[in-house]
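Here is a short note for a colleague who is opening this entry for the first time. Please read the points with the model in view.

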Amino acid sequence: MKTFFCPTMVDCGKDVLETLPDIVRAYGSKVFVVMDPFFQDSPLQDKIADLLNGMDIVFYAKVQPNPRDNDINEGAALCHEQNADVIIGMGGGSAIDTAKAINVVATNGGEAWDFVRSTEGTKRQIEKPLLPLIAIPTTSGTGSEATRYSVITNHLTHAKATIKSDLIFPNRALCDPMLTMTVPRKTTALTGIDAFAHCFESYIGSKANDFSDLFSLKGMKLFAENIEKVCADGNDVQARENMALCSTIGGLSITHSATNLPHGIGQALSGVTDAPHGGSIAVCMPQVVRWTLPQGMKRFAETACIFKPELKDLSEEEQAYALPDILEELFSRIIGEKITMASYGLTEDKIDDVVKMAFTSYHGDLSRSPRVPNEEELKELIRSCL
Ligand code: NAD
């Protein structure tokens, strides 16, 4: 069976933010806005206040990269107190994931960590209806505006894990590339790598299917054609727009397939070191491909040709084996330096922690890879990324 499912109505394009008032009005007049702290006291915050003039608005900006469960619990209490009709999540993936999790806790009670998926303990189910949620991404990376995931970090244990439910898709997404114009070059590169990773991992993983392939192939092409342009010139509106689209398409790819080994390792690395999400993927993906080959050769070869069409006359094996170097060189070029796991503070003595967290919270990601590592192999693979 093949299933297409995305309950989010997505509007992408320059200035789509202007449509916000009509969308909000359809849901009510008490609005809880979860906002990336980058926009606190900014012209964008003023603009949202102007657009929603006359409504009861509460802004909540306690959002950290790799969002913490205690900030979510605090935001949920405020949202509940306001008796909000609708939640807006505006910012990078961290703000949108915070908004999704606040929605769960504000309506269902308990604490955010009760709802995560893990091999340890029982996950609490979402039983009560959620509030309508509008996602407004300001980075081009996670695609969270069109996924069933909210990735959160336990502030006490530093474990990172995911709330996964069809109920937490946003109702609406407004993907306005103009909101990404201020993203600095390095963050543009790292978030772009995340968008690519969603398309790529969905394409090579065991859950790939006709629907996810549509999104994966288009998304990888958009990344290959635009990431260098947008990193060279952050004011290139067309390239920003194409990367915003690539990001949402990446979200749709994982919605219809899933992430696998690079995300399994990356999420655990971020839990242990607080590495930014895109960086955590960039430091392992080329090595993961090297380690995985010759498994999954055909799709690695096809991906290599998206970046370098001139490889088309080589054998499939030559194309596939070219991919790790293509990715490594491209990532270093757009980021502006070569980064490794050591750049994010990972040391030999913490490798076991990353392995344990990957197997506990991201076992599914590991299992969907074309080559599935055991604990010893994962340790070695991570060591090779130091
Ligand atoms: P982020 O949201 O953490 O933002 C990165 C930095 O960029 C922050 O400092 C933020 O303040 C800043 N920023 C955001 N918008 C900006 C703008 N327009 N101008 C300048 N600065 C801006 O980074 P992200 O990569 O977007 O999100 C990462 C989080 O999303 C991680 O926790 C990751 O695990 C999660 N994630 C979620 C999904 C999902 O489907 N829910 C998928 C992938 C990743």
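**Notes on the fold and its cores**

1. Start inside. The largest nonpolar core has 67 residues, and Phe223 and Leu378 touch the most other members. Helix H5 (residues 185-204) gives the most to this core, 10 residues. A nonpolar core here is a set of buried Ala, Val, Leu, Ile, Met, Phe, Trp, Tyr and Cys residues joined through side-chain atoms within 4.5 Å. Buried means under 20% relative accessible area, exposed over 50%, and partly exposed in between (1.4 Å probe, protein chains only).

2. A word on the source. This is a predicted model: local features need pLDDT of at least 70, side-chain atom pairs count only at pLDDT 80 or more, and totals for chains, interfaces and linings use all residues. Residues are numbered from 1 along each chain as its sequence is written, and side-chain values use heavy atoms, with hydrogens and water left out.

3. Look at Phe223. Setting aside neighbours within four places in sequence, its contacts (heavy atoms within 4.5 Å) include Gly192, Ile193, Phe196, Met243 and Cys246. Phe307, Leu330, Phe331 and Ile334 are also in contact with Phe223. A second, separate core has 25 residues, among them Val104, Val105, Leu133 and Ile152.

4. Now the whole chain. The protein chain has 15 helices and eight strands. These are DSSP runs, numbered from the N terminus: helices are H or I, at least four residues, and strands are E, at least two. Buried residues make up 59% of the 386 residues. Of the contacts with a separation of 6 or more, 78% join residues 24 or more positions apart.

5. Overall dimensions. The C-alpha trace spans about 65 × 45 × 45 Å along its principal axes.

6. Is Asn154 buried or exposed? Asn154 is buried, because its relative accessible area is 9%. Asn154 sits in the loop between strand S6 (149-153) and strand S7 (160-164). Beyond four places in sequence, Asn154 is in contact with Asp69, Trp113 and Ala159.

7. Compare Lys164, in strand S7. Lys164 is partly exposed, with a relative accessible area of 28%. Leaving aside neighbours within four places in sequence, Lys164 is in contact with Arg117, Lys123, Arg148 and Tyr149.
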